[in-house]
Amino acid sequence: MDRLAEFQARGWVKFPQDVQVARWAEAALAPALQVARDPGAQADWLRCDGTWFVGVHSLPNGADGSVGGAPLAGEAVDFAKTLVPEPFTWDKAQVSICYRGYPKPWDGETEAAARYRRNRDAAHIDGLHRTPPDNRRTLGEYHQFLLGVPLNDPPAEAAPFVVWEGSHHLIRQAFETAFDGVAPEDWHNVNATDIYQATRRRIFDECPRIEVPVRLGEATIVHRHALHGMAPWADELEGPAEGRIIAYFRPEAEMPRRHWLEA
């Protein structure tokens, strides 16, 4: 099975170690750690009693993805570009850092949410937002894909990425149903809570849960509709003091929303 066919069937693909990816990761590590140690960034992004630094759009990379003079390049990057019909701008990458003990309970999370984080890896779809005051789910962002690049080399059991294989097919069907008869410019007004939660339960029953640990120089690309999350840090596992660090790119779609849904 070639890369594209694998991606289309499974909803994710992992690329082997690549010198160009490793060079970019090595250049990105220092600025990522600098962000994570900044008191202001910690106030904004530390969660789970200090065991997870969320770091959305925190990496100071350029619009071409480069950081510290190192270009964002390699087989995974080339593949990502083939998934998009038009040239696009790379977003500022998320600096996601997990530390030993993740996830610990914290004041900003309900008991039910903490249980879901522990037992279901906080599984979610990127771009589907909770809208106050009733926490209804609405579509707020239209990403093209999720590219994950590890910035260090932790043990496999250090809060690895998790994806439910094939879930992108079911999520796409759910979105098609939810948005049926609605103009694309009004999709953000649709309350998708019930159909999303029902589809998520079906995914847990039907789709394999796959842990995807990554090594320095490797990369993963995940379909924009795939259900994914992050596993707990294994009990008694030490791991590196700086934690498990992964940079995630989620460039916004510059394509018609109908194409975002159906392509």
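The model is predicted, so local features need pLDDT of at least 70 and side-chain atom pairs count only at pLDDT 80 or more, while totals for chains, interfaces and linings use all residues. Residues are numbered from 1 along each chain as its sequence is written, and side-chain values use heavy atoms, with hydrogens and water left out.

Let us start with the sheet. Helices and strands here are DSSP runs numbered from the N terminus, with at least four residues (H or I) for a helix and at least two (E) for a strand. Two strands pair if DSSP finds at least two bridges between them. Seven strands form an open sheet with antiparallel pairing, in the order β1-β10-β7-β12-β4-β3-β2. At the edges stand β1 (12-15) and β2 (46-47); each has a single partner strand, so one side of each is left without a neighbour in the sheet.

Strand β2 pairs with β3 (residues 52-53) in the antiparallel sense over two bridges, and Arg47 has Trp52 as its bridge partner in β3. One link to look for is Trp12, whose bridge partner in β10 is Val222. Strand β10 also pairs with β7 (residues 145-150), again antiparallel and over four bridges; here Gly148 has Thr220 as its bridge partner in β10.

How many of the residues of β10 (residues 219-223) are buried? Five of its five are, where buried means under 20% relative accessible area, exposed means over 50% and partly exposed lies in between (1.4 Å probe, protein chains only). In a regular strand the side chains alternate between the two faces of the sheet. In β10, Ala219, Ile221 and His223 lie on one side and Thr220 and Val222 on the other, and both faces are covered.

Next come the spaces in the model. They are found on a 1 Å grid over the protein atoms alone: a cavity is a set of points where a 1.4 Å probe fits but cannot get out, a pocket is an open set with protein on both sides within 12 Å along at least five of seven lines, and lining residues have an atom within 4 Å of a point. Grid points are joined across faces, edges and corners, and a volume is the space filled by probe spheres set on the points.

The largest pocket has a volume of about 1300 Å³. Its lining has 47 residues, and those nearest the centre are Trp52, Arg117, Ala122, His124 and Asp126. The elements giving two or more residues to this lining are β4 (94-98), α5, β5, α7 (193-206), β11 (228-230) and β12 (244-249). Sorted by class, the lining has 21 nonpolar, 12 polar and 14 charged residues. In this sorting, Ala, Val, Leu, Ile, Met, Phe, Trp, Tyr, Cys and Pro count as nonpolar, Asp, Glu, Lys and Arg as charged, and the others, Gly among them, as polar.

The partners include the side chains of His124 at 3.1 Å and His228 at 3.3 Å.

The second largest pocket holds about 310 Å³ of space. Among its 17 lining residues, Phe7, Gln8, His223, Arg224 and Ala263 are the closest to its centre.

Finally, visit Val212, in strand β9 (residues 209-212). Val212 is buried, with a relative accessible area of 4%. Leaving aside neighbours within four places in sequence, Val212 is in contact (heavy atoms within 4.5 Å) with Trp12, Lys14, Pro160, Phe161, Val163 and Thr220.

Key:
Polar contact = N/O pair within 3.5 Å; in protein donor to acceptor, adjacent residues only side chain to side chain.
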